[in-house]
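Q: I am new to this structure and want to learn to read its disulfides. Can you take me through them one at a time?

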Amino acid sequence: MARSAILFAFLIFSATTPAQAVDDPALEAAFGRLSTPAPGPTRTVGRNTNGCILGAEALPLSGPGYRVVHPNQNRYWGHPDLIATIRGLGEAAAAQGLGLMLVADLGQPRGGPITGHGSHEVGLDADIRLNPWTEGELPAVEIADPTEVYYVDGARSTAVNSKWGAAQAALVRSAAERPEVERIFAHPAIKKAFCEGATGDRTWLGKVRAWYGHRAHFHIRLGCPVGSPDCVAQAPVPEGDGCGAELDWWFTDEPYAPGDPNAPKPEPPPLPAACTALLPR
Ligand SMILES: [Zn+2]
């Protein structure tokens with residue numbers, strides 16, 4: 001999720017939705033400068049929105065069915081469970097003939113607050129582009145600075161555009177059907193497309209959560225891994241497919257109502273001590 005969206009959401013819905021983390025830019029910069037993982041056994045600490053990871057693993061820049069984009073940003077680190085999930089998704093994309101899956105941000109080598117995102121802090125979140133590459137070899141320029149392909153025209157559009165198709169649906173569904181994936185964030189219009197079109201067993205659909213942005217990529221989130229006692233789990237997704245009234249709310253004015261400009265800015269929650277300990281002194 002983009003940080004601006006989180007801020008926006010916090011300001012307007014603090015009464016109706018759980019508080020979202022708002023990160024300190026200095027901490028984001030400090031974690032952004034760390035180029036290597038913290039040594040030792042893998043351990044995620046804290047929440048997706050306020051935490052870090054020790055012993056993170058790098059996703060290889062390319063593998064069967066996938067390619068990491070903008071690798072110079074060094075945001076391809078995560079828990080080995082997440083690395084395994086992405087590799088599995090790449091293999092599934094290849095097996096389904098969807099094209100080359102483009103993997104954007106996971107997290108920084110030590111996780112932590114990350115510029116441009118509200119979460120992606122504990123090595124359990126990843127952004128996947130909705131446009132698998134299908135035109136032969138991926139050009140270097142598209143690796144370094146990939147073109148954003150939007151499947152929903154505007155922030156408040158209520159339907160996907162004509163680019164949305166079977167490949168996008170298959171990519172998202174393939175991720176949602178994996179048992180280790182707890183949540184997926186997608187634009188409300190994308191969720192709506194699934195609510196209207198998904199056939200067969202729909203139990204996976206409850207994991208696809210409508211959220212701001214997410215018009216060119218979707219976001220996958222894993223639950224707390226085994227062996228990370230300091231990982232703070234999030235609430236499970238509600239029962240059901242999440243279609244109906246819950247989704248309809250996104251097509252009202254309420255999510256987009258301007259907030260009170262005089263409201264106090266929420267304070268970032270303190271980062272767990274085990275995370276600040278990863279910064280140079
Ligand atoms: Zn994301």
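A: Start with the term. A disulfide is a pair of cysteine sulfur atoms within 2.5 Å. Keep in mind that this is a predicted model.

Q: How many disulfides does a search of the whole structure find?
A: The search finds three.

Q: Which residue does Cys-52 join in a disulfide?
A: Cys-52 is joined to Cys-275, with 2.1 Å from S to S. The link of Cys-52 and Cys-275 is left-handed, with -80° about the S-S bond. This pair links distant parts of the chain, 223 residues apart. Cys-52 lies in strand β2, residues 50-54. Cys-275 lies in helix α8, residues 273-276.

Q: Is Cys-52 buried or exposed?
A: Look at the relative accessible area; buried means under 20%. Cys-52 has 0%, so Cys-52 is buried. Cys-275 is buried too, with a relative accessible area of 0%.

Q: What is the distance between the sulfur atoms of Cys-195 and Cys-243?
A: The sulfur atoms are 2.0 Å apart, and the two residues form a disulfide. Again the pair links distant parts of the chain, here 48 residues apart. Cys-195 sits in helix α6. Cys-243 sits in the loop between β11 (217-222) and α7 (245-248).

Q: Why is the disulfide of Cys-195 and Cys-243 called left-handed?
A: Read the torsion about the S-S bond. For Cys-195 and Cys-243 the torsion is about -90°, so the disulfide is left-handed. As for accessibility, Cys-195 counts as buried at 15%. Cys-243 counts as buried at 18%.

Q: What is the torsion about the S-S bond of Cys-224 and Cys-231?
A: The torsion is about -85°, so this disulfide is left-handed. The sulfur atoms of Cys-224 and Cys-231 are 2.1 Å apart. Cys-224 is partly exposed, at 32% relative accessible area. Cys-231 counts as buried, at 11% relative accessibility.

Q: What is the pairing when the bonded cysteines are numbered in sequence order?
A: The pairing is 1-6, 2-5, 3-4.

Q: Where is Ala-193 placed?
A: Ala-193 is in helix α6, residues 188-197. Cys-195 is in helix α6 as well. Ala-193 counts as partly exposed because its relative accessibility is 22%.

Q: Which residues is Ala-193 in contact with, leaving aside neighbours within four places in sequence?
A: The contacts are Val-160, Trp-164 and Ala-198. For a separation, take Val-141, which is 52 residues from Ala-193 along the chain. The C-alpha atoms of Val-141 and Ala-193 are separated by 31 Å.

Definitions and conventions
Residues are numbered from 1 along each chain as its sequence is written. This is a predicted model: local features need pLDDT of at least 70, side-chain atom pairs count only at pLDDT 80 or more; totals for chains, interfaces and linings use all residues. Side-chain values use heavy atoms; hydrogens and water are left out. Helices (H or I, at least four residues) and strands (E, at least two) are DSSP runs, numbered from the N terminus. Buried means under 20% relative accessible area, exposed over 50%, partly exposed in between (1.4 Å probe, protein chains only). Contact means heavy atoms within 4.5 Å.
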